[in-house]
Every structure is written in structure tokens, then in C-alpha cells.
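Here is a short tour of a protein model, written for reading with the structure open beside you. Please have the viewer ready before you start.

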Amino acid sequence: MIRRHLLMVIVLFIIIAGTGIGLTVYTYQTNPRYEAEARVRIDPATSRDPRMVAGSDIVVPTQLMDQFIQTQVRMITNAEVLDRVFEPTFANLIATPATGLNNNERTIARERRADLDWARNLIEERHRQLLENKSQILGDAGTPAPVLREKLSVSQVLRTNLISIRMQGSNRELITNTVNSVVDSYMLAVKEDRKNRNDRRVDNLLAQSRNLERRAEELQRDIRNFVAENNMLFQLVGNQELVSRMMLVERQWIEAEAELREAELNYRQMQRLAEQQLTEGQILEALSPMMLLQMEGDREMVMLVAQKHDLSRRKESLLEQFGPEYQAIKTINSQIATVDQQLESRRAMLMKMLLDQQRVQTTTAYAQAAETVELLKREYDKARATASDAAAKQAQYESMRQEYETVLESLNEVRAAIRDTQIAAEVSENVISIAEVARVPGPDEQVGSPVLYGTLSVLLAVLFSAGMAMMVELVDNRVRTPQQVARTIQMPMLGIIPDGREDPATRSVSNLSQVAMNAPQSLFAESFRQLRTSLLYSSDSDLKTLLVTSPQAGEGKTMVASNMAVTLANGGSKVLLVDTNFRRPAVHTQFDLQNTTGLSSVLARLSDLDEAVQQTQVANMEVLSCGPLPPSPADLLGSQAMQDLLEKMRERYDAVVLDGPPMLLVADGHVLASMVDGVALVMSTKKTSRGVAMRTKRMLQGLRARLVGGILNRVRAQKGGYFRESFRAYYEYSGRKK
């Protein structure tokens, strides 16, 4: 892999390694970097009082140490701590015994074996120098915090309870003063924070205690008043008489609602009838039986019916003596018609009047039913409200009593917390101290080493260049080596064919399909002789008909089939080369033959095999071109005539080599694969991918073809190729020059 991409590896290595080494040397000489470091120690404090609460503001238990240290790391880079470093009054806060922590003063005095006054003077001088050189650190920045946060490195020292504060720069004294001032500001902030938090905590607890006491008194007074005001109401809780009354009213309410629904149905029906033009029959159906009886008992209706009956009787008496044309009979008929008209008019008036009366009665009944339901509902709600109010008052009393007990319990807890806080302020130890102040680094104590950075640059160059070569190799998924054919595709190798353009002996041969014939002493021709040997010993059974195919077009199968046939013929076998690629025939052009008569003519019974076979310049070798292109090549190749022709070829020739179509492009080769004795798959290192080769292999297995092996074509010799040493060794051994 490295040899194939050697030029790229060398160029990348030179660029990366040279750039890294050059930048390292230039930076080390022109811009020296120094580092100042101070350390703060965090100790787990203990309390002599067993009532101390673990993890309080003052005492830090061991199990919370890591979390506490990380909190302090973030506190050092807090804006309030960093901004105070450049305040004019900062040195006074640190160096004044009344207000300062004095921790840094004691540390400096102890290390220098001096008194505290000398240490205070040193701190004041350091802060003065820091203010004078403020612009070298902050530049044009308005506030110190963002700049210092970027330049400082604050972290916990691995597996210790120490915090390291570091800063790099070219001015040794300035970075030392800055680091020590940041530590001073942090220590002052810790003390102020401790004091403020303790005071706030005690004040808050006292305020809570006073509020809870007031609340307890209020609840006690409210409970007494509540019991006095609602004593009678409490007696109704569980009263059976109230429950029975509620159940009775509920049943009456349900019955009234049923009557209301019936009345509403009648009311809606009468409203719909009022909006329609009704016939006499529809009005009679709508009237109630009582209304019908009232209509039939109408006095005027009864008189008209009696009058009609009397006239009808007189008419019948006259008809017995006179004919229907008698004047008296005509007069009676006229009177009867008048009575019928009056009777009909009276009936219509009565039906309309009764229908209106029934509509009014229905509306009234509906309103009364609704009013009854509403009254019963209010009565039920009142009874239920009384019962609910009693239960609510009881629940309210229980809630007030429970709240009173909770307030008393909280009051006791607050009082205990006040005592614990006061004890903690007295007996707790200071858990934060300065372990080491920053010292001015020496002139030869620069950060980093040129040798180290140069070595890292070389190492990075090696890794990057090798990684790029590996990436290029992984991206290229073509079949390039026999090992890939054997391991990835799991196919036996029949032969390896070099790229003909790289063989010095074949550069003068224009047609690579005739190399085995025109340049028999070349390594290219030798690879086909090795292929012939592999074919002869690849199987125990006869291998007379061999289909040479490839996954796709342009992978060199015609060249391989032609040179294989020539090599077999040179070995003494009688060979027939058959062109079965009707889509793109090429065998006849490789040997400069005619294609007017060929395989299609024989299969269509237009000519005999002896007439279609053509002689070549190679002894013992004949060629059967494809012939005229048929309309359906797959059907022609899969016919019984093709099977019979193959049997005839097996009888006449020692070896029959078929140049087939690509397997993945057309179905012509599929029918041939199961007819022949074996299939050889040609793969090009320039074109065939491993996935395509594996898919072709699975296809042949699905067709139950006998795949004898693969042939790797166009294997390169340049840039670490497979045949690089083979060319040199072959021609040296044979005594020929390249």
C-alpha cells in the first residue's frame, strides 16, 4: 500500500514535518514563552461537634471533595474575582490585617523566612507593578475578566486536592505577579463569601423562626374560632335523616325529568305542526281523544247533524211518491248541501280551535314540568350543599390542624439549624489555603522543548501521510490483487494477466488479442501459458467447453478468450474460439475474419458448422464468429439447437472457448452458463469493484453454473504493482532486455 502511494506519502511527510519543525524553531527563538504557577490546597475539614451537618457551607466532607474542588475551580475564573485584580484598592484589602485574609502574607513570609510587614510591602509593590503594566496583559479590553479567563489555565492537579493556577507569557515577572494577584483575589472572595453566607444563613433562619412562630399562633387562634363557629354544622356529618331526604328528592327529581322529557316531546311536536299546512286527517290524528270528544259534543254540530238527518228522512219519503226531478226533492237536496257546508265549516273551525287549545295546553304542561324539575333540583342542591358544606368544614378543620402540626415541626427544625450554624461558625476549620505561591521562572525555563515539538511534528507527518495512503486505499474498492479475489470474493484464481502496455515485449504489438501469437516470449504470453496450466488442472472432469465472461463490459474478456485459445492451440490441442456476444461481437475483428456466416447461421439452420468455421494463422485453431445479429439473442442461445451444437463441438474439438457477453448487463450469458462445462470470470483491476464481482459470483451460483475460477486482468506493475519485480526477474532469467 505504501509503495503504491509512495510519492504522495513523501510529499505529505515533507510538507507537514518541515512546517512543524520550522514553526517550532522560529517560535522558540523569536517569542520565548514562560509559565508561572501557583497552587491552592483544599482540605477536608472536620468538626468536633457531632451535630454538624455533612456538606454544609463551612465543613467539606470527604465524599463531596471532588465536586467541591471543581466548584472552586469555576469560582477562581469568576468575573468578580478576576476584575478585582486590577482595582486600585485591591492591595490594601489583601495587606491590611483588619480586612485581609493574610493567608498569602503568611505563606510568603514563611517561605522567605521574613516577617508579615515585609510580606505586605512585597504584595503592595507587586500590585503597583501590575497596574503599571496593565496594558501588556489586557490590551484594549475594557474589563479584565474575559482576557484573564482566556490566558489563565485553572485545573485540579490529577489525583490530589490541589488546584493549579497557571499563566504563560513572555514577561516573566508580569505573569508571576498576575497569577499571585489572582490567587489573592480568590482567597479574599472565599473569606467574604464565607462570612456573607454564614450571616445570611443565620438571618434567614431567624426570620423563618419568627414567621413560623407567628403562623403557629395564628393557626391556633383560627382553629379555636372555627370550632366555635361551626360546631352545629359538624353535627350534620353522617346524619341519616339528611341522607334519606336527599335520596327522596333525588327520586322525585328523576321522575319529574321523565315527565319533562315527555312534555317537551309533545311541545316540540305541536310546534312543528304549527309550522305546517295540515289536512283534516292530520289534524284529527294530532288531536287528543279528549279533544275529539269535545268536538263531537259541540251543540251546533249536534243541531246541524240532526237537521241533516231530518232532511234526509223527508227526501226518502218524497222519493217513494215522486221522482228525483220533483221540485220539492230538489229543494231538499239544496238544503242538505247547505247543511253539509255549514257542518264542514263548523268542523274546520272546531278542529282549528281545539288544535290551538291543545297547543296551549302542551306549552303550559311543558312549562309546569320544567318548573317542577327546577324546584326539585334546587331542593336537592340545597340538601347536598348542606351535606357538602358540613364535610368541607370538617376537612378544613383537619387541614388547619395538620398545618399547625407541620408548622410546629418546621419551627423545631429551624431552631436546631440555628444552633448547628452557630456551632459550625465556631468550631469549623478553614479548608482552603495557599499551598504554593508563584515564583518568577528563570531565563532558561521556557515552556516546551524544540526537540519534543520537532519529534511530534515528524510523528504527526508520518501518521498523517500513512493515514492518507490508507484512506485512498480504503476508498478504492476495485479488485486489485489476487489476495482480494481469494479472501474477499472467495473465488479460486486461475491466472493473473499483466497490463500489456507495461510489458516491454508487447509494446510493438498493436492488438493485445494476438500477443500470445505475435509475442510468445513476453511475460504477457507467459501469463496465458500459466493460465492454460491452471485450466488443465483445475478439475478432475473434462473441461472441453469454457465460457469466458465478465461482470461488465470493457474488462478484457475478448482479449483473454482470444489469447487463451491461441495458447491452448500452441499446446497441441484442437481449439475452436466461438463468439457468442451478439450484442457487441469482436472476435472476427481481432483475427481479421468475415462475419457474414457464423453462430447465428448455424443455430438458425441456414448453414452447416463446417461451412461457418473459419481457419486462422494459428495451427490447430479455428474461429466461429457470431454471424448476423438475431432479433432475440437470449432465445437463440438458450435453444435446443445450441445444446446440440455444443455436443457436436465437444466431439470435434479438444477445447471450445466461448467469448460470452457481460453477465450483469444482458441475459444472453445466463443461458450459456448452465450449458458449458465451466465458466471463467474475467475481472479488471481498473474497473471491476469487489461488490460487482461478488454479485456476479452469486448470480452464477444461482444459475447452477460451474465457476472454475477468476482471471485478474490488467494488473499494474508501476508504483508497487503486483508485476513490478516479476518483469525484471523474468527478463533477466530469460536473458532478454526490457
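This is a predicted model: local features need pLDDT of at least 70, side-chain atom pairs count only at pLDDT 80 or more; totals for chains, interfaces and linings use all residues.

In it, 8 strands form an open sheet with mixed pairing, in the order β5-β12-β11-β6-β10-β7-β9-β8. Strands β5 (493-498) and β8 (614-615) stand at the edges; each has a single partner strand, so one side of each has no neighbour in the sheet. The partner of β5 is joined to it by 4 bridges: this is β12 (residues 707-715), and the two strands run parallel. Within that pairing, Ile 496 has Leu 712 of β12 as its bridge partner.

| Helix | Residues | Angle to a strand |
|---|---|---|
| α20 | 557-570 | about 165° to β10 |
| α27 | 690-702 | about 170° to β11 |

Helix α20 lies across β5, β6, β7, β9, β10, β11 and β12, while α27 lies across β11 and β12.

**Two residues to look at.** Start with Leu 624, which belongs to strand β9 (residues 621-624). Is Leu 624 buried or exposed? Its relative accessibility is 0%, so Leu 624 counts as buried. The contacts of Leu 624 include Leu 576, Leu 577, Val 578, Asp 579, Leu 609 and Met 649. Asp 579 is 45 residues away along the chain, yet its C-alpha atom is 6.3 Å from that of Leu 624.

Next comes Thr 685, in the loop between β11 and α27. Thr 685 counts as buried because its relative accessibility is 7%, and the cut-off for buried is under 20%. A polar atom of the Thr 685 side chain lies 2.4 Å from the backbone oxygen of Arg 714. Besides Arg 714, Thr 685 touches residues including Arg 478, Val 479, Arg 480 and Leu 712.

Helix α9 (residues 172-229) has 58 residues and spans 83 Å from first C-alpha to last, close to the 86 Å expected at 1.5 Å a residue. At its start, a side-chain oxygen of Asn 171 comes to within 3.4 Å of the backbone nitrogen of Glu 173.

How do α2 and α9 cross, and at roughly what angle? The axes of α2 (residues 65-76) and α9 come within 10 Å and cross at roughly 115°, and the crossing is right-handed. Phe 68, Gln 72, Met 75 and Ile 76 of α2 make the contact, with α9 contributing Val 182, Tyr 186, Ala 189, Val 190, Asp 193 and Arg 194.

Methods: Residues are numbered from 1 along each chain as its sequence is written. Side-chain values use heavy atoms; hydrogens and water are left out. Buried means under 20% relative accessible area, exposed over 50%, partly exposed in between (1.4 Å probe, protein chains only). Contact means heavy atoms within 4.5 Å. Two strands pair if DSSP finds at least two bridges between them. Axes are lines fitted to C-alpha atoms, for helices over the stretch in contact, and angles run from 0 to 180 degrees between N-to-C directions. The expected span of a helix is 1.5 Å times one less than its number of residues. A polar contact is a pair of N or O atoms within 3.5 Å; within protein, one must be able to donate a hydrogen and the other to accept it, and residues adjacent in sequence count only if both atoms are side-chain atoms. A crossing is left-handed if the near helix is turned anticlockwise from the far one by less than a right angle, and right-handed if clockwise. Lists of a residue's contacts leave out its neighbours within four places in sequence.
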